[in-house]
Amino acid sequence: DSLKTLTIDEAISLSRETVLEFMKQNKVPGMSVAASINDELVWSEGFGFADLENGVPSTKHTKFRIASISKPITATALALLYERGIVDLDTAIQKYLPTFPEKRWKITLRNLASHQAGIRGYNDDEFLSNQHYDSVSNAVDIFRDDTLVFKPGTKYGYSTYGYNLISEIIEAASGTDFLTFVQKNIFDPLNMKSIIADHTDSLISHRSSFYSYSDNGEIINSKFVDISNKWAGGGFISNAEDLVKFGNAIIYNSLLKQATRDLFFAEVLTSSGEKTK
């Protein structure tokens, strides 16, 4: 009966079956799940393997790449600066980055955060880049001099690089490098102890191995990728529990004021009134 109220144990048991079936159907090497109710963690469990070759099980401690879930973290860092009166969402970004080249049109932080700035996406093999960048500024150099692909505010165009640019502005406005800013202002206050930038040259405890699929659907080792080209847009690894802590902090306004959260959750329409999701 789909209307039956389940106990937490029953819900976990049913969810566990769903996870295992999903992994089987999709050839997932390993994953983890964490769930909370009313801001309280009620389930955290790893499934499968974090390292297939060495038979290392995935556990609740395993750190996976969180990909574009990095963007809400960056947006929250921006929201904190907005809330503290340090940045204006609607002024030209050159106020904070005087060296950023003037484009044909004005770009604002609101444009960037809502993917309406006209900053391009990946070219060619940039998504699988193995080049190391020593700083956020160096990573922004990838697209710094490129023309905008549309007039800011007129279209929605998802851009990881747009979020890289936000992180450079965060550095300039706060006087703190981006990774330190999110550590001190988000991760530490929320007791997120596992989340970390995916530094390829570091020994990071509980980091999973990374896999992809061959053309015929078999699991293979992923190509070596250096994520330093996109910390803000897709560069963190974390266990599932830390993402639950982050999500709850946003839902229950323990990090941002509700008015700030509501502003950043609001859909930003294009200049012609088009919805942007």
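**Entry 1: the α2/α5 pair**

I began with two helices: α2 and α5 pack at an angle of about 35°, and their axes lie 10 Å apart. The model is predicted, so I kept its limits in mind: local features need pLDDT of at least 70, side-chain atom pairs count only at pLDDT 80 or more, and totals for chains, interfaces and linings use all residues. Residues are numbered from 1 along each chain as its sequence is written, and side-chain values use heavy atoms, with hydrogens and water left out.

Helices (H or I, at least four residues) and strands (E, at least two) are DSSP runs, numbered from the N terminus. Axes are lines fitted to C-alpha atoms, for helices over the stretch in contact, and angles run from 0 to 180 degrees between N-to-C directions.

I noted the α2/α5 crossing as left-handed, meaning the near helix is turned anticlockwise from the far one by less than a right angle. I then listed the contacts (heavy atoms within 4.5 Å). From α2 come Lys-71, Thr-74, Ala-75, Ala-77, Leu-78 and Leu-81. They meet Thr-160, Tyr-163, Ile-166, Ile-170, Ala-173 and Ser-174 of α5. By class, the residues of this contact are 8 nonpolar, 3 polar and 1 charged. Here Ala, Val, Leu, Ile, Met, Phe, Trp, Tyr, Cys and Pro count as nonpolar, Asp, Glu, Lys and Arg as charged, and the others, Gly among them, as polar.

**Entry 2: the cores**

Next I looked up the nonpolar cores, sets of buried Ala, Val, Leu, Ile, Met, Phe, Trp, Tyr and Cys residues joined through side-chain atoms within 4.5 Å. Buried means under 20% relative accessible area, exposed over 50%, partly exposed in between (1.4 Å probe, protein chains only).

The largest core has 51 residues, and Leu-109, Leu-112, Ile-119, Leu-165 and Ile-186 touch the most other members. Helices supplying at least two residues each include α3 (109-113), α5 (160-174) and α8 (240-251). The most comes from α2, with 7 residues. I checked Leu-112: its contacts beyond four places in sequence include Ile-93, Ile-119, Tyr-163, Leu-165 and Ile-169. A second, separate core holds 8 residues, among them Ile-12, Met-23, Met-31 and Phe-47.

**Entry 3: the β1-β2-β3 sheet**

I traced an open sheet of 3 strands, ordered β1-β2-β3, with antiparallel pairing. Two strands pair if DSSP finds at least two bridges between them. β1 (30-37) and β3 (56-57) are the edge strands, each pairing on one side only. Helix α1 (residues 8-26) packs on this sheet and touches β1 and β2, its direction making about 25° with that of β2. α8 lies across β1 and β2 as well, at about 35° to β1.

I counted 8 bridges between β1 and β2. Met-31 stands opposite Phe-47 of β2. These two strands form a hairpin with 2 residues between them, and Asn-38 in the turn has a positive phi of about 50°. β2 (residues 40-51) joins β3 by 2 bridges; Asp-51 has Val-56 as its bridge partner.

**Entry 4: the other sheet and a loop glycine**

I found another open sheet of 3 strands in the order β4-β8-β5, also antiparallel. β4 (64-65) and β5 (196-197) each have a single partner strand, so one side of each lacks a neighbour in the sheet. Ala-197 stands opposite Phe-236 in β8.

Last, I looked at Gly-153, in the loop between α4 and α5. Is Gly-153 buried or exposed? Gly-153 counts as buried because its relative accessibility is 13%. Beyond four places in sequence, Gly-153 touches Asn-111, Gln-116, Thr-270 and Ser-271.
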